[in-house]
Amino acid sequence: PPLQSKLCAIPSVGPVRSADVVAALPALASVLAWVVLRNTSYAWPFQDLIGGGFLCWLQRTMRLPNIKVATLFLCIMFFFDIFWVFISPLLFQKSVMVTVATGGDTGEHVPMLLRLPAIGDPLGNDRMLGFGDIALPGLLVSYLHRHDLQSSRAWCRGYFLPSLLGYFVGLCCTIVALTIMQMGQPALLYLVPGVLGTTVVLSCCRGELGDLWEGRPCGPGANKVKPQTTAASSTHVSGNDGF
């Protein structure tokens with residue numbers, strides 16, 4: 001709380017708090033380190049740190065109102081990802097998605113993905129996961145967490161933990177397919193069925209798909225909060241309740 005005190009106001013920016021100044025120091029150091037080391041093998045920790053902060057901010061800012069919007073959104077991105085990874089090479093002689101993610105022939109690494117060096121890889125290649133492969137399923141996972149809270153359910157009885165397990169299984173399938181096919185994979189091909197499929201099947205078994213579909217809390221202990229009616233493209237900003 002003491003760091004929430006206002007220090008000054010900057011035109012076109014607004015009030016600046018003590019917490020903003022404290023947070024700006026490591027943030028600026030991380031960005032500068034990435035800019036200097038971005039084309040070296042030492043840049044990945046700073047790129048992942050910046051990407052992790054961006055992804056957490058995105059989950060706090062954008063919110064899906066119900067499973068109906070999540071299903072439409074994720075199904076569209078499911079086919080979008082498949083097209084640009086598997087079909088675009090037939091039209092453009094190379095995968096557009098992979099080319100953009102790796103910076104093409106520019107020699108510059110674009111900070112649009114998480115990178116992790118492959119341990120024991122004699123070629124020295126990195127394992128890469130695009131922000132969209134985390135942020136898009138993450139919007140559904142965040143919604144399920146809020147739904148569990150509104151329904152007064154523990155993790156073991158809600159939908160949040162099963163969706164995380166579904167994401168983990170989908171990510172494992174992505175790595176297996178990458179190893180077998182030796183080419184970039186559309187991660188949403190495996191992540192969407194893992195997260196959305198798990199949620200739909202589980203809710204059907206519980207007879208609660210209708211409540212999730214419309215964004216209503218369910219269960220006897222549900223906190224009957226009026227469901228959100230904002231569109232998927234709109235944002236709802238909150239500084240207190242996190243995910």
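## Salt bridges

In this predicted model, the side chains of Arg216 and Asp211 meet in a salt bridge, with N and O 3.1 Å apart. The term salt bridge stands for a side-chain nitrogen of Lys or Arg within 4 Å of a carboxyl oxygen of Asp or Glu. By this rule the count comes to four salt bridges. Arg216 has a relative accessible area of 37%, so it is partly exposed. Here buried means under 20% relative accessible area, exposed means over 50%, and partly exposed lies in between (1.4 Å probe, protein chains only).

Another of these bridges joins Glu214 to Lys68, where the closest N and O atoms are 3.7 Å apart. This pair links distant parts of the chain: Glu214 sits in helix α8 (residues 209–214) and Lys68 in helix α3 (residues 67–92), 146 residues apart. Glu214 counts as partly exposed because its relative accessible area is 35%. Lys68 is also partly exposed, with a relative accessible area of 35%.

## A buried pair

Now look at Arg153 and Glu208, which form a salt bridge with their closest N and O atoms 2.3 Å apart. Distant parts of the chain are linked here too: Arg153 is in the loop between α5 (131–150) and α6 (160–181), while Glu208 is in the loop between α7 (188–206) and α8, 55 residues away. Are these two residues buried or exposed? Both Arg153 and Glu208 are buried.

## Two serines with positive phi

Most residues other than glycine have a negative phi. Ser12 is not a glycine, yet its phi is positive, at about 70 degrees. You can find Ser12 in the loop between β1 (6–10) and β2 (14–17). With a relative accessible area of 87%, Ser12 is exposed.

Ser152 has a positive phi as well, of about 55 degrees, and is not a glycine either. Its place is the loop between α5 and α6.

Which residues make the nonpolar surface patch? They are Val31, Val35, Val36 and Ile50, and the patch covers about 310 Å². Patches are made of residues with over 30% relative accessible area and no salt bridge; like charges are joined within 9 Å, and nonpolar side chains (Val, Leu, Ile, Met, Phe, Trp, Tyr) within 5 Å.

Helix α1 (residues 18–37) gives the most to this patch, with three residues. Val36 has its place in helix α1. Val36 counts as exposed because its relative accessibility is 67%.

## The whole protein

Stepping back, the protein has eight helices and four strands. Helices (H or I, at least four residues) and strands (E, at least two) are DSSP runs, numbered from the N terminus. Read along the sequence, the pattern is β-β-α-α-α-α-β-β-α-α-α-α.

Of the 243 residues, 34% count as buried. The accessible surface comes to about 14100 Å², and 72% of it belongs to carbon and sulfur atoms. Accessible areas come from the Shrake-Rupley method with a 1.4 Å probe, and for residues only the protein chains shown count as cover. Among contacts (heavy atoms within 4.5 Å) with a separation of 6 or more, 61% are between residues 24 or more positions apart.

## How to read the values

Residues are numbered from 1 along each chain as its sequence is written, and side-chain values use heavy atoms, leaving out hydrogens and water. Because this is a predicted model, local features need pLDDT of at least 70 and side-chain atom pairs count only at pLDDT 80 or more, while totals for chains, interfaces and linings use all residues.
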